[in-house]
Amino acid sequence: MNVRIEWTYKKPKGIETTFHSEEMSARLGILIAEDLDRTGRLKNLIFVDDLDRTWNLKELKQYMKGIETEPHNVVVYFDGGFDLNTKQSGLGCAVYYEQNKQNFRLRKNALVDELNTNNEAEYAALHLSLLELDLLGVHHLRVKFVGDSQVVINQLKGEWPCLEEELTKWADRIENKMDNMGIKPEYALISRKENREADRLASQALKGIEITSTSEIK
């Protein structure tokens, strides 16, 4: 979770001024706030997170301690592929997250028959990742979704219009699922080469190789 710090600084003669920080990780924000507090001249220090919730220092420290046992700092890589010959689609996603002060990677793929285009497969791969996040218990968090599909990323960001009926249905399904889970998405477009892991998972699904695994990253 990222936060901004807002605080009022009071000079010895009673003059006050208000400051706003840049966005930073919550852990760094807590360290800086504690350091600022040692001056003895702070008033009304609050944190504003990326869901526009406000916290005081005690509340944020308690929250951060509480989420240590839950998945957080989640980044999702997704990819989908459509085989014109078999009319099947391979979906792949790799989910990176922190839990109990350890780093983990979840890998999942799936083979599906009901799709008709590569763009649908890309949307379906992102939806697959949401189902995995739900199983992990990832709720009410900001999640970064990373993919190489310009169509999916730009349409979900609202930068491209969604004119095809099937893609509109997928976009609505994904946005509704995110709303129900309380996920605030952040999207990043990368090259196919950079998305190699998710691409390989999708390709393996098309070959009938099923992958479901979670491993700790040292």
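Buried means under 20% relative accessible area. The legends below apply this cut-off to a predicted model.

**View 1. Salt bridge between Arg107 and Glu197.** The side chains of Arg107 and Glu197 form a salt bridge, with 3.8 Å from N to O. Arg107 belongs to strand 8 (residues 102-112) and Glu197 to helix 6 (residues 196-206), so this pair ties together parts that lie 90 residues apart in sequence. Arg107 has a relative accessible area of 17% and is therefore buried. Glu197, with a relative accessible area of 23%, is partly exposed.

**View 2. Salt-bridge network of Arg105, Arg107 and Glu197.** Salt bridges link Arg105, Arg107 and Glu197 in a network. Within this group, Arg107 is buried, whereas Glu197 is partly exposed.

**View 3. Salt bridge between Lys157 and Glu159.** The side chains of Lys157 and Glu159 meet at 3.6 Å, N to O, in a salt bridge. Lys157 has a relative accessible area of 41% and counts as partly exposed. For Glu159 the relative accessible area is 52%, so this residue is exposed.

**View 4. Salt bridge between Arg4 and Glu6.** A salt bridge joins the side chains of Arg4 and Glu6, at 3.9 Å from N to O. Arg4 is partly exposed, with 31% relative accessibility. The pairs shown in these views are among the 13 salt bridges in the structure.

Methods. Residues numbered from 1 in each chain as written. Predicted model: local features only at pLDDT ≥ 70, side-chain atom pairs only at ≥ 80, totals over all residues. Heavy atoms only, no water. Salt bridge = Lys/Arg side-chain N within 4 Å of Asp/Glu carboxyl O. Buried < 20%, exposed > 50% of the residue type's maximum accessible area, 1.4 Å probe, protein only. Helix = DSSP H or I, 4+ residues; strand = E, 2+ residues; numbered from the N terminus.
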